[in-house]
Amino acid sequence: MSKEYNIAVIPGDGTGSEVVAEGIKVLKRLSQKYSITFKFTIYPLGGERYLKQGELLPYDIINELKEADAIYLGAIGHPDVQPGILEREILLKLRFELDLYINLRPVTLFPGVDTPLKDKSPEDIDFVFVRENSEGLYTGSGGFLKRGTPDEVAIQESITTRKGTERCIRYAFEYCRSRKRKKHLTLCGKTNVLTYEFDLWQRVFQEVMKEYPDITTDYQHVDAICMWIVKNPEQFDVIVTNNIFGDIITDLGAIIQGGLGIAAGGNINPHSIAMFEPIGGSAPKYAGLNSINPLAAISAAQMMLDYLGEEEAADALLSAIKKVVENDLESLEAGKMGYSTKEVGDLVVDYL
């Protein structure tokens, strides 16, 4: 009997609709092969809607999104909208309102993909970031004093709770166990400077680790971890960190796995809903050219299948993606792939 999933689709801005279209094309092929039914509902959120209607993310849409099985996002970002508006009122609002407190970012180098790291291979670059996704500096707490004057003060506050910290760390331990690789979890922080926030993180980490005797652990400062990801990425299995550090170091992870053209991530509430997206932005300069790489969006669809429990389909899609990058593409960069956006989607479908 066919399983049915309601997928909320937010194509977004720029090249978002182009890459999402290829992801949907691939999902439709998988639905035929594995007796899965996808019902796609499109939500035209983003810069264009804001500029035309003055509307960002109304609560009636949030309530509809809560009823979906998963959300598939293209990209949010428009050159004619002041930076911070779309990010705060759509992306961050989605994370906070849906309590998507885990950001999951696999960093995997596929065979045939070039990495800027000398003498490193797919065996060396295969780890996952677990980023706390709902607290820290991104809560928007703070304000200005004497704005616009020579005495102006800007205050940005980082909010960290024990509940938020513990549920993220606990998820990381569980994920590390289920990953069945090295079973090693690294806490990334800055205990020597952020002596309140990461004192809490470290204490909670040490408490929770007692429940997972099968998982080895270590701690690394965020500046050191940036160095070691470049020098010895093979030491890592799963890395757990806070919101701001995770935002920064996941881009470092993306470039060593081949760039934003292949990097995907999930914003997850393990007990409710999740949203999956390519890591790259809306790339407006490539919009309409049919030259952007859709594999990051297709990889996001692969993560979504895994989240939905469709392991066979997820494994088949991962295999197809690997074949495309190893056998067909000249590069993962936009305009240099040797194929158009739509043709790359077709290649994935052909391998399926």
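The model is predicted: local features need pLDDT of at least 70, side-chain atom pairs count only at pLDDT 80 or more, and totals for chains, interfaces and linings use all residues. Residues are numbered from 1 along each chain as its sequence is written, and side-chain values use heavy atoms, with hydrogens and water left out.

**Exercise 1. Asparagine 103**

Solution. 
- Step 1. Helices (H or I, at least four residues) and strands (E, at least two) are DSSP runs, numbered from the N terminus. Asparagine 103 sits in strand S4, residues 102-108.
- Step 2. Its relative accessible area is 7%, so asparagine 103 is buried.
- Step 3. List the contacts (heavy atoms within 4.5 Å). Beyond neighbours within four places in sequence, asparagine 103 touches Phe129, Val130, Arg131, Asn133, Gly266 and Asn267.
- Step 4. Look for a polar contact: a pair of N or O atoms within 3.5 Å; within protein, one must be able to donate a hydrogen and the other to accept it, and residues adjacent in sequence count only if both atoms are side-chain atoms. The side chains of asparagine 103 and asparagine 267 make one, at 3.1 Å.

**Exercise 2. Glutamine 53**

Solution. 
- Step 1. Glutamine 53 lies in helix H2, residues 47-53.
- Step 2. Its relative accessibility is 56%, so glutamine 53 counts as exposed.
- Step 3. Compare sequence with space. Glutamine 53 and lysine 322 are 269 residues apart in sequence and 41 Å apart C-alpha to C-alpha.

**Exercise 3. Helix H11**

Which residues of helix H11 are buried, and what covers them?

Solution. 
- Step 1. H11 spans residues 341-351, with Thr341, Val344, Gly345, Leu347, Val348 and Val349 buried.
- Step 2. The cover over these buried residues includes helix H1 (16-34), helix H9 (295-307) and helix H10 (311-327).

**Exercise 4. The largest pocket**

Describe the largest pocket by volume and lining.

Solution. 
- Step 1. On a 1 Å grid over the protein atoms alone, a pocket is an open set of points where a 1.4 Å probe fits, with protein on both sides within 12 Å along at least five of seven lines; lining residues have an atom within 4 Å of a point. Points are joined across faces, edges and corners, and a volume is the space filled by probe spheres set on the points.
- Step 2. The volume is about 920 Å³.
- Step 3. The lining has 30 residues; closest to the centre are Pro106, Tyr175, Gln302, Met303 and Asp306.
- Step 4. Elements giving two or more residues to the lining are S4, strand S5 (126-132), helix H5 (162-179), strand S11 (264-268), H9 and H10.

Technical notes. Buried means under 20% relative accessible area, exposed over 50%, partly exposed in between (1.4 Å probe, protein chains only).
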